[in-house]
Amino acid sequence: MTETHSSGVRGDSGPDVARLVASRVLDVPDFPKPGVMFKDLMPLFADGAAFREVIDGIVAYHGRESFDTVVGIEARGFVVAAAIAYATGVGVVPVRKAGKLPRPAYAASYALEYGEATLEVHQDAFTAGHRVLVVDDVLATGGTAAATLDLVERAGGTVTGFTVLLELAFLKGRERLAPRDVHALLTV
C-alpha cells in the first residue's frame with residue numbers, strides 16, 4: 001500500500017524514503033525524444049548516503065532471506081541490482097537489450113511508451129525454483145517490467161518481488177502488472 005505524506009509525496013516504503021528519492025530526481029525534457037519527460041536518477045546514485053538509504057530500504061522491505069538472486073534491468077537497474085546483491089551477499093543477473101548476451105538466451109519483445117524493444121536473459125541464468133528479486137529504476141507503462149518478469153520465469157526463476165525507485169502512476173504500469181505486487185519507493 002502506498003503511503004502519502006501531507007506534502008503529497010508518496011511511496012510504498014513511506015514518505016521519508018519517497019521524499020529522499022524525490023529530492024534526487026532531475027526532470028530532463030524531450031529525452032529520448034520530443035514530448036518525453038525523462039526522470040534522471042543519476043543524482044541519487046551519485047549521493048552515497050542517499051543511495052545507501054534507498055538500498056537498505058529495499059532490502060528491509062523484501063527481507064534478506066526472500067531472494068537468492070537479484071535481476072537488474074538494463075541499464076540503470078544494473079546499478080540498483082548490484083548494490084542490493086552486494087548488501088545481501090547474493091548474485092546478480094542482468095536482463096539485457098537484444099544481442100548483448102554471449103550465450104543462448106530467451107528473448108521478449110514489448111512496446112515502450114516511446115517505441116519498441118527486446119530484452120534477453122541467459123537461458124541458464126536460474127535453476128528451477130530460484131527465488132528472484134527484480135529491480136529497475138522507473139516503472140512507466142509496465143512493458144519492460146512485464147517482459148522481464150516473463151523472461152525470469154521462462155528461464156526457471158520464481159519472482160519473489162519487483163521494486164522500482166520511481167513509478168509514473170499516470171502511465172498505469174502497476175495495473176498492467178497486476179496481480180503482481182509492485183514496490184515503488186516514489187510514486188508520482
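Buried residues are those with under 20% relative accessible area, exposed residues those with over 50%, and partly exposed residues those in between, as judged with a 1.4 Å probe on protein chains only. The structure is a predicted model, in which local features need pLDDT of at least 70 and side-chain atom pairs count only at pLDDT 80 or more, whereas totals for chains, interfaces and linings use all residues. Residues are numbered from 1 along each chain as its sequence is written, and side-chain values use heavy atoms, with hydrogens and water left out. Helices (H or I, at least four residues) and strands (E, at least two residues) are DSSP runs, numbered from the N terminus.

The salt bridges are described first. A salt bridge is a side-chain nitrogen of Lys or Arg within 4 Å of a carboxyl oxygen of Asp or Glu, and the structure holds eleven of them. In general, side chains of opposite charge can pair when their charged atoms come close. One of the salt bridges is formed by Arg24 and Asp47, whose closest N and O atoms are 2.9 Å apart. Because Arg24 lies in the loop between helix H1 (15-23) and strand E3 (26-29), while Asp47 lies in the loop between helix H2 (42-46) and helix H3 (48-62), this pair ties together parts that are 23 residues apart in sequence. Both partners count as partly exposed, Arg24 at 24% relative accessibility and Asp47 at 23%.

A salt bridge also joins the side chains of Arg96 and Glu74, with an N to O distance of 2.7 Å. This pair links distant parts of the chain, since Arg96 is in strand E6 (residues 91-97) and Glu74 is in the loop between strand E5 (69-73) and helix H4 (76-88), 22 residues apart. Arg96 is partly exposed, with a relative accessible area of 22%, whereas Glu74 is buried, with a value of 18%. In a further salt bridge, the side chains of Arg180 and Glu153 meet at 2.7 Å, N to O. Arg180 lies in the loop between helix H6 (173-177) and strand E11 (183-187) and Glu153 in helix H5 (residues 143-154), so that this pair ties together parts 27 residues apart in sequence. Arg180 is partly exposed at 32% relative accessible area, and Glu153 is partly exposed at 37%.

The packing of two helices can be described through their axes, which are lines fitted to C-alpha atoms, for helices over the stretch in contact, with angles that run from 0 to 180 degrees between N-to-C directions. The axes of H3 and H4 come within 10 Å and cross at roughly 70°. H3 is therefore roughly perpendicular to H4, a term that covers angles of 65 to 115 degrees. Contact is taken to mean heavy atoms within 4.5 Å, and in this sense Phe51, Ile55, Ile58 and Val59 in H3 meet Val79, Val80, Ala83, Ile84, Ala87 and Thr88 in H4.

Two residues in strands were examined individually. His122, in strand E8 (residues 115-122), is buried, with a relative accessible area of 12%. A polar atom of the His122 side chain lies 3.3 Å from the backbone nitrogen of Arg103. When residues up to four places away in sequence are not counted, His122 touches Leu101, Pro102, Arg103, Pro104, Ala105 and Ala155. Asp136 is found in strand E9 (residues 130-139) and is likewise buried, with a relative accessible area of 7%. Under the same exclusion of residues up to four places away, Asp136 touches Ile73, Gly77, Thr144, Thr163, Val164 and Leu165. Asp136 and Ala75 are 61 residues apart in sequence, yet their C-alpha atoms are 8.4 Å apart in space.

Ala75 itself belongs to the loop between E5 and H4, where a cis peptide bond joins Glu74 and Ala75, with omega about -5°. Another cis peptide bond, with omega about 5°, joins Phe31 and Pro32, and Pro32 is placed in the loop between E3 and strand E4 (37-40). Asp30 lies in the loop between E3 and E4 and has a phi near 60°, a positive value in a residue other than glycine. Asp30 counts as partly exposed, at 48% relative accessibility. Lys172, in the loop between strand E10 (157-167) and H6, has a positive phi of about 60° although it is not a glycine, and counts as partly exposed at 47% relative accessibility.

Key:
A polar contact is a pair of N or O atoms within 3.5 Å; within protein, one must be able to donate a hydrogen and the other to accept it, and residues adjacent in sequence count only if both atoms are side-chain atoms. Angles under 35 degrees count as roughly parallel, over 145 as roughly antiparallel, 65 to 115 as roughly perpendicular and the rest as oblique.
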